[in-house]
Amino acid sequence: MYLRYVTFLVVFCCICISSANADCLAPQYPYVSEINHQSASLYWTYAGSNQPTYQVQWRSAGNASWHIESPVNTTLLSLTGLDTNTTYEWRVRNICATGDTSSFSSSSSSETNCIKPDYLS
């Protein structure tokens with residue numbers, strides 16, 4: 001009898017934990033727009049019904065550590081102060097509640113432009 005009760009509790013707790021995280025969906029379709037030699041605008045979509053806060057991480061390609069941006073409440077983040085002619089990758093996840101985050105989106109990458117010399121203007 002005791003074993004059945006413990007089994008029931010373990011299964012019930014696993015179902016509760018799984019359903020709590022099921023509503024915190026990962027953002028989708030990350031893309032970069034309006035990129036130049038030192039800035040980029042990052043966009044993504046979200047199909048969930050709640051209004052999450054988003055956490056964006058980015059890094060230059062090949063770098064092991066991620067820069068973590070302050071949480072935002074929109075599906076847009078502008079990065080500035082980037083290095084020219086450098087490939088950057090980034091990803092985003094939802095923060096649905098304290099301790100309840102989605103997985104990260106797939107990574108997206110883009111390269112900043114070179115600076116055009118003044119004599120070509």
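This is a predicted model: local features need pLDDT of at least 70, side-chain atom pairs count only at pLDDT 80 or more; totals for chains, interfaces and linings use all residues.

Visitor: Over how many bridges do S3 and S6 pair?
Guide: Strand S3 covers residues 53-60, while strand S6 covers residues 87-97. The two strands pair in the antiparallel sense, and the number of bridges is eight.

Visitor: Which residue in S8 is the bridge partner of Glu89?
Guide: Strand S8, made of residues 108-111, runs antiparallel to S6 and is joined to it by four bridges. Within S8, the bridge partner of Glu89 is Ser109.

Visitor: Which residue in the turn of the hairpin formed by S6 and S7 has a positive phi?
Guide: S6 is also joined to strand S7 (residues 100-101) by two antiparallel bridges, with Ala97 standing opposite Asp100 in S7. The hairpin has two residues between its strands, and the one with a positive phi, about 80 degrees, is Gly99.

Visitor: Is Tyr54 buried or exposed?
Guide: Tyr54 belongs to one aromatic cluster with Trp44, Tyr46 and Trp90, and its ring forms an edge-to-face pair with that of Tyr46, at 6.2 Å centre to centre and 75 degrees between the planes. Because its relative accessible area of 5% is under the 20% limit, Tyr54 counts as buried.

Visitor: Over the ring of which Phe does the charged end of Arg91 sit?
Guide: Arg91 lies over the face of Trp66, at 4.1 Å from the ring centre. Its charged end also sits over a Phe ring, 4.1 Å from the centre, and that residue is Phe104.

Key. Residues are numbered from 1 along each chain as its sequence is written. Side-chain values use heavy atoms; hydrogens and water are left out. Rings of Phe, Tyr and Trp (its six-membered ring) pair if their centres lie within 6.5 Å; planes under 30 degrees apart count as stacked, over 60 as edge-to-face and the rest as tilted. Buried means under 20% relative accessible area, exposed over 50%, partly exposed in between (1.4 Å probe, protein chains only). A charge sits over a ring if NZ of Lys or CZ of Arg is within 6 Å of the ring centre and within 35 degrees of the ring normal. Two strands pair if DSSP finds at least two bridges between them.
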